[in-house]
Amino acid sequence: MASAADFSLGKVAVAMTPQERFAEFLQTRGKRITRQREVIVEHVSAHHEHFDAEQLLAGLRRTPGGARASRPTVYRTLAEMVEAGLLKKMVLDGRAVYEHDYGYPQHDHLYCTSCHRLIEFSSEEVARIRDEVASRHQFRPQGHRLIISGLCANCRSNRSKSRHQDRV
Ligand SMILES: [Zn+2]
Ligand SMILES: [Zn+2]
């Protein structure tokens, strides 16, 4: 489970609701927003967290509107939401994890490899280094992704406690 997170970064003002933006995106592709897609977008927008497709499917099936949600529809809609710029996808230990992108500020993550917790942070220093490295290569950056993996404070103190017990 990688849903525990510290979402302390606030929000970015956006012109459209995620639903409107998604409907517009689908229209440019000649697709319509079906009831199933609508239910998924609403559910995802209402829950601000890091999640994978199976967690979303389980959550949907607990709601009246999403009780009959099918796995292929969930996977397809997630891919469309990434393309529409509503969600960002990252791969952690081979698992695809999604989070809000639209209306949420640029940020990076610390990833605990023991409890799989994601901690968010945003750093101007990181952005400065990115721009510097990019310009050295005559490269114009559009975005970046930084995931620092390691052990969170909780897991570190648990480990040192168990090491201590080993010795006594
Ligand atoms: Zn941890
Ligand atoms: Zn995040």
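Colleague: How are the donor residues of the zinc ion (ligand 2) spaced in sequence?

Modeller: The spacing of these donor residues is H-x48-E-x7-H-x1-H-x10-E. Donors are N, O and S atoms within 2.8 Å of the metal (3.2 Å for Na, K and Ca), and water is not among the atoms, so sites may look incomplete. This is a predicted model, in which local features need pLDDT of at least 70 and side-chain atom pairs count only at pLDDT 80 or more, whereas totals for chains, interfaces and linings use all residues. Residues are numbered from 1 along each chain as its sequence is written, chains are lettered from A and ligands numbered from 1 in the order in which they are written, and side-chain values use heavy atoms, with hydrogens and water left out.

Colleague: Which protein donors lie 1.9 to 2.4 Å from the zinc ion?

Modeller: They are His 50 (NE2), Glu 99 (OE), His 107 (NE2), His 109 (NE2) and Glu 120 (OE). His 107 lies in the loop between strand S3 (95–100) and strand S4 (108–112), and Glu 120 in strand S5 (residues 118–121), so the pair ties together parts that are 13 residues apart in sequence. Helices (H or I, at least four residues) and strands (E, at least two) are DSSP runs, numbered from the N terminus.

Colleague: Is His 107 buried or exposed?

Modeller: His 107 is buried, at 5% relative accessibility. Buried means under 20% relative accessible area, exposed over 50%, and partly exposed in between (1.4 Å probe, protein chains only). Glu 120 is also buried, at 4%.

Colleague: In what sense do S4 and S5 pair?

Modeller: The pairing is antiparallel, over four bridges; two strands pair if DSSP finds at least two bridges between them. Phe 121 in S5 is the bridge partner of Asp 108. The two strands form a hairpin with five residues between them, and His 116 in the turn has a positive phi of about 65°.

Colleague: A change of topic: which buried residues does H2 have?

Modeller: They are Arg 37, Val 39, Ile 40, Val 41, His 43 and Val 44. These residues pack against H1, helix H3 (53–61), helix H4 (71–83), strand S2 (87–92) and S3, where contact means heavy atoms within 4.5 Å.
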